Amino acid sequence: MLRKTALVTAGAMLLAGTALASGEEASDAEKAVKYRKAVFTAMGHNFGPMVAMMKGKVAWDGDEFATRAERVADLADMPWEGFVEGTADVGNSEAKAVVWEDTAKFEDLQSQLADRTAALAEAASGGAERQAVGQAFKKVGETCKSCHDDFKED
Ligand code: ASC
């Protein structure tokens, strides 16, 4: 009787331990997805008003544009650590599996984003006019699009 109780207890502890271990894994993966999406949300929040100014939907404000360009450049190297292997289908991830298959291409686009957002922040610094940032802005948008086309679910 005692022995059986001990066995059951050991079994229950083992199960609890397993549940805890997989629970921890899931939550680390979920945190990684949440983190990368949060950074992209912050980028989009700052990029959106820049798009609106570029399109003439809101009045041009060179100082605001410069501030937002600076923020996007600062954020540009942050999402990538959230792309933890095995998280393509975790939470509300929109990453395609190819992120972890064509890492060379994914990393090239990361560098391109860093370079182009830095160039945009540079062009915008001090509150430039719209014409002075147009080309650099277009380049950033092209990088966003290339990466979304290949690596993000629609
Ligand atoms: C945006 C936004 C993006 C990019 C991309 C550019 O405004 O949220 O992800 O521009 O659409 O092609």
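Which helices each supply at least two residues of the shell around the ligand? They are α1 and α4. Helices here are DSSP runs of H or I with at least four residues, and strands are runs of E with at least two, both numbered from the N terminus. The model is predicted, so local features need pLDDT of at least 70 and side-chain atom pairs count only at pLDDT 80 or more, while totals for chains, interfaces and linings use all residues. Residues are numbered from 1 along each chain as its sequence is written, and side-chain values use heavy atoms, with hydrogens and water left out.

The protein has 4 helices and 0 strands, in the order α-α-α-α along the sequence. Of its 154 residues, 31% are buried (under 20% relative accessible area, with exposed over 50% and partly exposed in between; 1.4 Å probe, protein chains only). Among contacts (heavy atoms within 4.5 Å) between residues at least 6 apart in sequence, 74% join residues at least 24 apart.

In soluble globular proteins, nonpolar side chains tend to be buried together. The largest nonpolar core in this model has 32 residues; such a core is a set of buried Ala, Val, Leu, Ile, Met, Phe, Trp, Tyr and Cys residues joined through side-chain atoms within 4.5 Å. Met50, Phe65 and Leu120 touch the most other members. At least two residues of this core come from each of α1 (2-54), α2 (62-75), α3 (103-124) and α4 (130-151). Leaving aside residues up to four places away in sequence, Met50 touches Phe65, Arg68, Ala69, Val72, Leu120 and Phe137.

Around the ligand stand Phe47, Val51, Gly141, Cys144, Lys145 and His148, each with a heavy atom within 4 Å of the ligand. Of the helices, α4 gives the most to this shell, with 4 residues. By class, the shell has 3 nonpolar, 2 polar and 1 charged residues. An oxygen atom of the ligand is 3.3 Å from a polar backbone atom of Gly141. On its own the ligand has 310 Å² of accessible area, and the protein covers 55% of this.

Away from the helices, Ser93 is found in the loop between α2 and α3. Ser93 is buried, with a relative accessible area of 15%. A polar atom of its side chain lies 3.2 Å from the backbone oxygen of Ala88, and one lies 3.5 Å from the backbone oxygen of Thr87. Beyond residues up to four places away in sequence, Ser93 touches Val33, Arg36, Thr87 and Ala88.

Note on methods
Polar contact = N/O pair within 3.5 Å; in protein donor to acceptor, adjacent residues only side chain to side chain. Areas by Shrake-Rupley, 256 points an atom, 1.4 Å probe, with all protein chains shown as cover. Nonpolar A, V, L, I, M, F, W, Y, C, P; charged D, E, K, R; others polar.
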